[in-house]
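The following note sets out numbered points on the structure shown below. Please read them alongside the sequence.

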Amino acid sequence: MAMRFLTKPIMDRLHGVDFDKGCYVGQEVVSRMQHRGTARSRTIRVALDGPAPEPGAAIVAGDKPVGTMGSTAGHNGLALLRVDRAADALAEGIPLTSGGLAIHLAEPNDLSIAPKRTVA
């Protein structure tokens, strides 16, 4: 289960993908995700107030599922979140929970979608 979180594409946020580079394997998929903004899920760092939820536990906002809890270490962890659903819930003031435990985003800006780049 934990390996799934490591393989999710986050390279766009780490500037590990150059959209101006020539041809490369997977170019069509990466380009489509960049220009259409279709990357809905993202691995997000979370902070925990108390005990950690089990890895794989559902993360909900109210009664709506928004993601899955990943691995944790102390009061820090990783979660795979549906970006649009989590952002909407937080904007409405609905807290995120997993297994009845509160989940907070370590960096709330991680939910913001990077602006689309256009070709001149």
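Predicted model: local features only at pLDDT ≥ 70, side-chain atom pairs only at ≥ 80, totals over all residues.

1. The residues concerned are Val83, Ala86 and Ala89. Viewed along the axis of α3, these buried residues lie within an arc of 140°, so they line one face of the helix. An α-helix has 3.6 residues a turn, so residues three or four places apart point the same way. After α3 comes glycine 93, which has a positive phi, near 80°.

2. The largest nonpolar core has 17 residues, and those touching the most other members are Ile59, Met69, Leu81, Leu96, Leu105 and Leu111. At least two residues of this core come from each of β1 (41–48), β2 (58–61), β3 (64–73), β4 (76–82), α3 (83–91) and β6 (101–105). In soluble globular proteins, nonpolar side chains tend to be buried together.

3. Which residues does leucine 81 touch, leaving aside those up to four places away in sequence? They are Arg40, Ser41, Arg42, Ile44, Ile59, Val66, Gly67, Ala86, Leu96, Leu105 and Leu111. Among these contacts of leucine 81, Ala86 is also one of the buried residues of α3.

4. The elements, from the N terminus on, follow the order α-α-β-β-β-β-α-β-β, which comprises 3 helices and 6 strands. Of the contacts in the protein with a separation of 6 or more, 66% are between residues 24 or more positions apart.

5. On strand pairing, β6 is antiparallel to β1, with 3 bridges between them, and alanine 47 stands opposite histidine 104 of β6. β6 also runs antiparallel to β5, again through 3 bridges. Serine 98 has leucine 101 of β6 as its bridge partner. The hairpin of β5 and β6 has 2 residues between the strands, and glycine 99 takes a positive phi near 60° there.

6. The count of salt bridges comes to 1. Arginine 82 and aspartate 84 form a salt bridge in which the closest N and O atoms are 2.9 Å apart. Is aspartate 84 buried or partly exposed? Its relative accessible area is 33%, so aspartate 84 counts as partly exposed.

7. For the protein as a whole, buried residues account for 24% of the 120 residues. The accessible surface is about 7900 Å², and carbon and sulfur atoms contribute 56% of that surface.

How values were computed:
Residues numbered from 1 in each chain as written. Heavy atoms only, no water. Core = buried A, V, L, I, M, F, W, Y, C linked by side-chain atoms within 4.5 Å. Buried < 20%, exposed > 50% of the residue type's maximum accessible area, 1.4 Å probe, protein only. Helix = DSSP H or I, 4+ residues; strand = E, 2+ residues; numbered from the N terminus. Contact = heavy atoms within 4.5 Å. Areas by Shrake-Rupley, 256 points an atom, 1.4 Å probe, with all protein chains shown as cover. Salt bridge = Lys/Arg side-chain N within 4 Å of Asp/Glu carboxyl O. Arc of directions from axis to C-beta. Pairing = 2+ DSSP bridges.
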